[in-house]
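Dear colleague,

I am handing over the structure that we spoke about, and below it you will find my notes on what turned up. Please read them with the model open beside you.

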Amino acid sequence: MYPLIFHNMIFLTRCFWANFWLQFCFGFICMCGSLGEVRYSVPEEMQRGSVIGDVARDLGIDVSELVRRNARVVSEGSRQFCELSAGTGSLLVSERMDREELCVQSAPCVLQFQLLLENPLKVYSLLLDIQDINDNSPTFENGQIELELLESTVLGRRFPLESAHDPDIGANSVQHYQLSENEYFALEMNTQVDRNAYPELVLKKPLDRENQADHFLTLSGVDGGRPFRSGSASIHIHVLDANDNVPVFGQSVYKVDAQENSPRGTVLVRLNATDLDGGIYGEISYSFSHVPDKTRGAVEVDHMTGEVKVVGVLDYEEAGSHELDVQAKDGGGQSSHCKLIIDVIDVNDNSPVIAVKSITSTVPEDASPGTMVALLHVYDLDTGTSGRVTCKISNDVPFKLVSEVKNYFMLVIDGALDQETFSHYNITVTAVDAGTPPLFSSKTVTITVTDVNDNPPIFRRSDYSIKFAENQPQGALVIKVRADDADDGQNARILYSLSEDAASRLSINAETGEIFTLRPFDYESSTHFHVQVMARDGGRPSFTSTCAVQIFVADENDNAPVVLYPVQFDGYLARDIVPRAAPADYLVTKVVAVDADAGHNAWLSYRIVKATQPRLFSIGLHCGEIRTLRPFAEDDEMKQTLIVSVSDNGLESLSATATVNIMIEDGLPVIDELVARGMDKSHGHSDLTLYLIMALAGMSSLFLLLIIAVVYMRLCRCRYMYRSNANLPVFPPTYGPPGYSDVSRFNTLQKDDRYSSFLTTGSWKGDFRFGSDFVDLDMLNKRGTSLHVGGHGSTCVKLLVPHKL
């Protein structure tokens with residue numbers, strides 16, 4: 001009752017302050033607009049193209065000025081989260097903004113951009129305040145919390161529990177905890193040094209190990225979002241005897257400084273906790289109870305000595321400090337906690353960054369001095385003195401750098417240009433920071449002086465042909481085409497472009513002719529395609545020429561096998577039933593898998609990697625049939641579990657695993673009948689039973705031949721062709737990954753919307769065969785029914801098999 005009232009009071013208080021800050025930010029935005037700075041408050045995870053605000057209206061700029069002065073939005077870093085709509089003057093979302101990724105749990109989360117206008121240059125500051133939304137659920141580092149308590153534990157004893165972690169902040173973070181109903185324990189909250197509350201388990205009823213040795217509880221963390229989100233962890237409490245002292249840390253908070261990029265193995269601090277108990281109850285082990293994402297893999301604690309060492313990279317630019325919760329646990333299961341704060345000291349480890357925001361690569365030779373040819377943004381990720389940057393170019397070129405806005409440099413003409421003397425300039429821009437020792441970086445800007453155009457560009461080859469592997473990442477270089485123009489300067493500057501039919505797959509560097517992928521190629525979707533590349537010079541009027549590029553896609557082993565049978569469900573797996581009287585080499589079931597690749601990459605092999613009882617079952621290397629190696633013994637376990645690995649034949653083999661549950665049952669009718677008949681024959685009983693068996697076998701054989709004939713005629717009519725491994729049943733796309741198909745007809749999965757069926761004969765050497773009756777796997781899956789393959793007669797399973805009509 002009291003925690004709920006407390007939670008409501010917190011929520012009302014936060015609503016009041018949120019309204020107050022919203023009004024304050026609105027007034028602040030209006031004020032900043034007049035000073036050349038606009039601040040917007042937007043929620044995270046906005047859709048691309050969403051309107052953030054009307055920049056032109058807020059800054060008092062006419063919309064027509066935006067186009068005329070080449071207005072654009074630039075960011076401080078390498079990622080561009082928003083863009084300017086020059087037609088409307090609105091600021092739009094261009095990239096997903098995840099507050100947890102950008103600012104972790106820092107508040108507020110502010111991104112800075114600049115609105116640039118040229119002729120004359122004008123820079124406005126744009127600030128985006130990213131507001132948190134409740135898009136993350138609370139999670140516990142360990143889903144299973146193990147506690148060992150003495151039955152002599154006094155009432156009211158408190159046991160700290162792991163706090164839930166929620167990347168969201170404010171009301172969207174964890175607000176309260178709930179404990180499952182029980183009569184022994186209650187849940188109360190405690191506050192750490194940094195005022196963060198964490199749950200504690202309080203004993204409210206004496207424990208009696210003889211009455212109940214284990215207690216199972218559920219701890220839930222609930223955030224304050226609307227709707228709220230929650231996460232839970234299981235608590236397993238073991239009741240023990242006699243450990244009446246808990247470990248005690250020498251300090252409640254340890255604070256240390258660490259140099260950025262400290263070498264691996266550097267000891268930051270040695271934690272010290274003591275326990276007054278002796279023997280195993282006095283042995284203390286150290287561990288981190290929660291490691292934030294930004295700290296994971298950077299430091300670790302020695303479980304025995306308590307030394308905290310550097311094991312990864314400490315990067316000041318990623319995180320200036322790390323806060324860790326450390327747990328000391330004795331041999332009796334009792335523990336205590338302390339806080340470890342690691343402050344990272346910045347060093348000069350980042351070179352200056354030179355970003356070209358605007359460039360005019362061609363300049364007429366009669367251009368007047370002072371004309372801007374490039375705009376550079378120069379910055380350094382370091383802080384303080386190490387972040388101050390100076391920029392310069394060589395003195396032997398008719399250009400100079402002019403800086404009117406902090407961190408922005410204009411490259412302008414500083415003399416007369418003569419195309420007959422110099423047709424182009426390679427200007428090296430060098431940026432140096434003020435760190436110790438100083439770091440520098442450079443970038444070359446190429447300026448070309450134009451001339452008259454009277455020659456068309458000519459490709460060095462009229463046709464290009466290349467073989468390109470599938471699954472290359474976006475932006476991979478496919479091929480570089482090259483055209484030459486006999487003109488000079490601007491008239492010889494060639495721009496390349498692709499035909500419209502290739503715009504969805506490829507992009508081309510207009511300056512260099514390098515063709516890149518816009519998305520990975522998929523051999524299973526398309527094996528080759530034709531591209532037209534056009535070269536246009538920069539003259540007036542311009543001349544063009546084209547060349548053809550043939551790209552053949554090479555298959556790679558990029559598809560892992562997919563297990564179709566047995567179907568693997570979350571939390572449920574069907575069991576195959578086998579009679580205990582089954583002899584050796586008895587067909588128990590069959591693992592079926594497919595691979596969307598082609599050729600050797602689609603050849604599959606099956607192996608049993610783990611079994612309840614080894615040397616009891618075997619599996620066909622290429623067929624996937626699971627058979628018995630020997631008859632079952634009385635002491636064999638009734639429930640058998642096999643882990644089967646399915647591997648393809650690629651150069652770098654990919655694999656999948658399937659879990660097969662087998663139930664051995666006594667007294668199945670078909671087995672009991674067969675065994676009884678065998679015993680009757682061995683004891684010399686009447687031959688009538690033998691005659692009946694022979695008659696039944698003859699009728700079954702005739703019936704099987706009839707089915708085979710019908711299916712064969714049907715397949716002939718449908719012109720359905722089997723592949724070399726056609727003994728495997730082919731399943732519909734419902735049981736495989738979406739979009740599985742094979743253009744070359746060489747993989748193990750075909751796509752269609754017509755289905756056939758398979759059944760098993762139940763014989764000792766049986767295999768999947770065609771049948772006419774169906775058992776819907778979807779209905780069986782919904783009802784939780786397991787399938788039994790084998791036995792007397794025929795059990796039909798609807799394995800929807802696509803084939804061509």
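C547 has a relative accessibility of 2% and therefore counts as buried, the limit for that word being under 20%. The model is a predicted one, so please take each value here as computed from predicted coordinates. Another cysteine, C338, also falls into the buried class, with 4% relative accessibility.

Which cysteines form a disulfide? The pair is C103 and C109, whose sulfur atoms lie 1.9 Å apart, and a search of the whole structure finds one disulfide. A disulfide is a covalent bond between the sulfur atoms of two cysteines. The link of C103 and C109 is right-handed, with 65° about the S-S bond. As for how far these two cysteines are covered, C103 is buried with a relative accessible area of 13%, and C109 is buried as well, with a value of 2%.

Turning to the protein as a whole, the chain has 805 residues, of which 44% count as buried. The secondary structure consists of seven helices and 54 strands. Among the contacts in the protein with a separation of 6 or more, 68% are made by residues 24 or more positions apart.

One of the strands, β50, covers residues 639-648 and includes S647. Is S647 buried or exposed? S647 is buried, because its relative accessible area is 14% and the class takes in values under 20%. If neighbours within four places in sequence are left aside, S647 is in contact with P561, W603, L604 and S605, and also with S653, L654 and S655.

L692 counts as exposed, because its relative accessibility of 51% is over the 50% that the class requires.

Notes:
Residues are numbered from 1 along each chain as its sequence is written. This is a predicted model: local features need pLDDT of at least 70, side-chain atom pairs count only at pLDDT 80 or more; totals for chains, interfaces and linings use all residues. Side-chain values use heavy atoms; hydrogens and water are left out. A disulfide is a pair of cysteine sulfur atoms within 2.5 Å. Buried means under 20% relative accessible area, exposed over 50%, partly exposed in between (1.4 Å probe, protein chains only). Helices (H or I, at least four residues) and strands (E, at least two) are DSSP runs, numbered from the N terminus. Contact means heavy atoms within 4.5 Å.
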